[in-house]
Amino acid sequence: MSIELSKGALATIMQGGDYIEPIVQVLSIKRMNSGTGQPDKDKFRALLSDGQCTVSFAMMTAPVYARAGENGLSKFSIIKIVRFITSVINNTEGKDSRVLLILDLTVLKDGNELGEKIGNPVSYSQLNVGPSTNYHQSSANAIQTAGSPSKKPRLSVPFNANCGTSSSRAVYAISSLSPFHNKWIIRAKVINKSDIRKWENSKGVGQLFSFEIADESSEIKCTAFKELVDQFYDVVQVDKIYYISKCQIKIASKQFNTVKNDYEIYLTPDTVIEECFMCDLPQIPTNFNFVEIRRIADLHANELIDVIGVAKSTSDLQIFTAKSSGREIKKRDVQLVDQSKTVVTLTLWGGQAENFNGNGNPVISLKNAKIHEFLGGKSLSTISSTQMRINPETKEAFLLKAWYESEGARITNAYNISVQTGGGNSAFNPPWMCFKEVSGQQLGRNSDKADSYQVKGTILLIKGERLVYKSCPGPDCQKKVIDNSNGTYTCQSCNKSFNSFKFRILCNMNVCDWSSNQWMTVFNDEAEKILGLTALEVGQQAETDPDGLNDTLEKCMFKECILRCRVKTETYNDEQRVKTVAFRADPINHSEYNAHLVNNIKKLARLS
C-alpha cells in the first residue's frame, strides 16, 4: 500500500497557516549536540519534503526523536507530524522567517524499506510564495485530511492584541526563547505561582515572587523583584492565559530553578502582561510522573517527585517564629493516602498552609514535592517550584477519589512512612539479613539513602534511662514539650502552650541474632507492642514506680520478634554515625518464617 505525501502542506505551514497531521518525507536528519553532555538535551534538524517543496528549518527535541523507535529516523522515512508549532526568527537580512518545531510524530514507513525520494520537490526558499499562490492557505481554511477533526490555529499565527507592540507581531514558542533575541511575545498559561518572599540584609530590603508558564512547546520560570512584585503579583493568576513581552532572558540558575528549561525570564519595568480572553492552550504538556506513596520510603531525601493522594486528615494551622530570622512562619500538615494503603505527611507552608481547606477529603496532586527524611521516616513538603492542585479534573484524581469513598476511608491500619510506627503494610517487605550481613555489606554507609532489612532478633537489653518523654498533645506533632512548672506545657514546634501532654516512648535496645548484636531505636507504637504496655502506663511507672518499670524491662529480655529496620549514616555535632531504627516489630509468624528458612535451604542446596 503506497503512502501519499501531503503536497503543499509545508508551504502552508511556513506561511503561518495550519495543516492537520501532514504526511512528509525525511530527506536528511542531523543531530545538534547541546554541549551539556546530556543526550536528552540535544536537538535534531531535519530536511523535510511534502513531494512539492522541501523545508530545511525543521527541528525536534531528543524525546520527540525517540518516538521514532530504537533505530531513529532514517533517510527517506515517511512520517506523520501529529503536533507542531512554528516560531518566527530574524535572519541575517533582518527579515522574519519561520522554523517548524515538531512536537509529536508517527513513523509510517521506514526509510530503509523505501530507499528513495518521492517526487521532485524544490526548496521552499526558492519559491515566490505569496497570498495569491496555490501553496498559501490561511489557518481559517486549513487543509484537512479525510476524517481529521478541525483544530485551532497554532501558536505562531499572528494575533491582534493591544500589547504595546505592532499587531503584526507573531507569537513565539517558549522553546524558541534565548538571551540573543529580545523582540518577542509569548502566549502561555500560568501553571504555578509562589508566595511573595521578603529579605533583609546588609544591602537593604527586598521582595520577589516567581511564577511558571507553559505553552505547547515547553515551560519556563518567570521572576519579579522589588517594586515589580507590587505591580504584577495580583495580575498573574494560576490557570489563566497571558500575552507576555518585553522581559529579559537569562541562563537558568539551577540552584533555585527546577523547571526543565535552560533559560528563565526576569520581568523588567517595561514588561507587558495582558490576559488573553479569547484563546485556549489545550495541548500544554502535564508531564506528571506520579510516584506511589509506598515507594517514597525507598527514595532519596531531597529528591523532587510528583505524587497524588487524598487528604486523609489535616492539622490546624501552626504559626511560629523562626529563631534564625525572627520572621513569622505558617505551616500545616496533611496526611496523604493512596491506593497502596500507605500514608505520608505533607507539610504546606505560607499561603498554601493558610488557605488550605481539608474538609471533604480533597484529592491533592503535586509536581516537584520535596522528600525529607528524619529518623528513618520519610515526609514531603512544598517548595517554591511545587505545583499543587486541589481536586484536579484528571483521570488519576477521579479514580483515587472513587477508591477512597468506596474503601480507603475505612482503612484503619494504613502504613505510615513518615513515622516509625505500626500499620499493616505487607507490600513493604525488605530482604532478610543477619546482623553480620548488615555489617559486611555496610548498609547505610554507602549513600544518603537509608537501607532496609528484616531480621529475627532476640532482645538482650532495654535501656531504662530516658525511656519516655512528655510530648505535644497535638494530633500530628510528636515533639518534646517544655514543662513550665505551672501546670502548662509549651511546644516550640507548634508555638502553643497546653494544659496537658502525651507520654511517648523512645526505646533504645540491644538485639542479637546467631551472628552478632545491634543497638537500635524503637519508637512509640512498636515499643508499646514490645513492652506490652501503653506509653501512658510506661510514663506513670517511670514517674511513680521505678521498680515496676525495671520488672517490665526484665520481662522483655530474651523476647524474640521479627524486626524491620532502616539503617542510615547521620551527622551529629560534625560526627558521622550509623543509626538503626526498627520501624516495625512483630511476633514471629512461625509458618512464614519457616517458609523463609526452607526457601534458603533450597537455594543453598541448588534445589530451586
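A nonpolar core is taken here as a set of buried Ala, Val, Leu, Ile, Met, Phe, Trp, Tyr and Cys residues joined through side-chain atoms within 4.5 Å, where buried denotes under 20% relative accessible area, exposed over 50%, and partly exposed the range in between (1.4 Å probe, protein chains only). The model is predicted, so that local features need pLDDT of at least 70 and side-chain atom pairs count only at pLDDT 80 or more, whereas totals for chains, interfaces and linings use all residues. Residues are numbered from 1 along each chain as its sequence is written, and side-chain values use heavy atoms, with hydrogens and water left out.

The secondary structure of the protein comprises 11 helices and 31 strands, both being DSSP runs numbered from the N terminus (helices H or I, at least four residues; strands E, at least two). Of the 608 residues in the protein, 47% are buried. The accessible surface comes to about 31,800 Å², with 47% of this area belonging to carbon and sulfur atoms, as computed by the Shrake-Rupley method with a 1.4 Å probe. With contact defined as heavy atoms within 4.5 Å, residues 24 or more positions apart account for 62% of the contacts that have a separation of 6 or more.

The largest nonpolar core contains 31 residues, and those with the most contacts inside it are Tyr-453, Ile-462, Leu-467, Ile-505, Met-509, Met-520 and Leu-563. Strand β28 (residues 502–512) gives the most to this core, contributing 5 residues. When neighbours within four places in sequence are left aside, Met-509 is in contact with Ile-459, Leu-461, Ile-462, Gln-518, Trp-519, Met-520, Val-522, Ile-530 and Leu-563. A second, separate core of 27 residues includes Ile-13, Tyr-19, Phe-44 and Tyr-124.

Salt bridges, defined by a side-chain nitrogen of Lys or Arg within 4 Å of a carboxyl oxygen of Asp or Glu, number 15 by this rule. One of them joins the side chains of Arg-67 and Asp-104 at 3.0 Å, N to O; because Arg-67 lies in the loop between α2 (62–66) and β4 (78–90) and Asp-104 in strand β5 (residues 96–109), the pair ties together parts that are 37 residues apart in sequence. Arg-67 is partly exposed, at 44% relative accessibility. A salt bridge is also formed by the side chains of Lys-330 and Glu-354 (3.1 Å, N to O), and this pair links distant parts of the chain, with Lys-330 in strand β17 (residues 328–337) and Glu-354 in helix α5 (residues 350–355), 24 residues apart. The relative accessible area of Glu-354 is 41%, and the residue is therefore partly exposed. Between Lys-470 and Glu-543 the N to O distance is 3.7 Å; Lys-470 lies in strand β24 (residues 468–471) and Glu-543 in helix α9 (residues 535–544), so the pair ties together parts that are 73 residues apart in sequence.

Asp-306, located in strand β15 (residues 304–314), is buried at 8% relative accessibility. Polar atoms of the Asp-306 side chain lie 2.9 Å from the backbone nitrogen of Asn-289 and 3.2 Å from that of Asn-368.

Disulfides, defined as pairs of cysteine sulfur atoms within 2.5 Å, number 0 by this rule. The sulfur of Cys-222 is 6.6 Å from the closest cysteine sulfur, in Cys-247, which is too far for a bond. Cys-222 is buried at 0% relative accessibility, and Cys-434 is buried with a relative accessible area of 9%.

Notes: A polar contact is a pair of N or O atoms within 3.5 Å; within protein, one must be able to donate a hydrogen and the other to accept it, and residues adjacent in sequence count only if both atoms are side-chain atoms.
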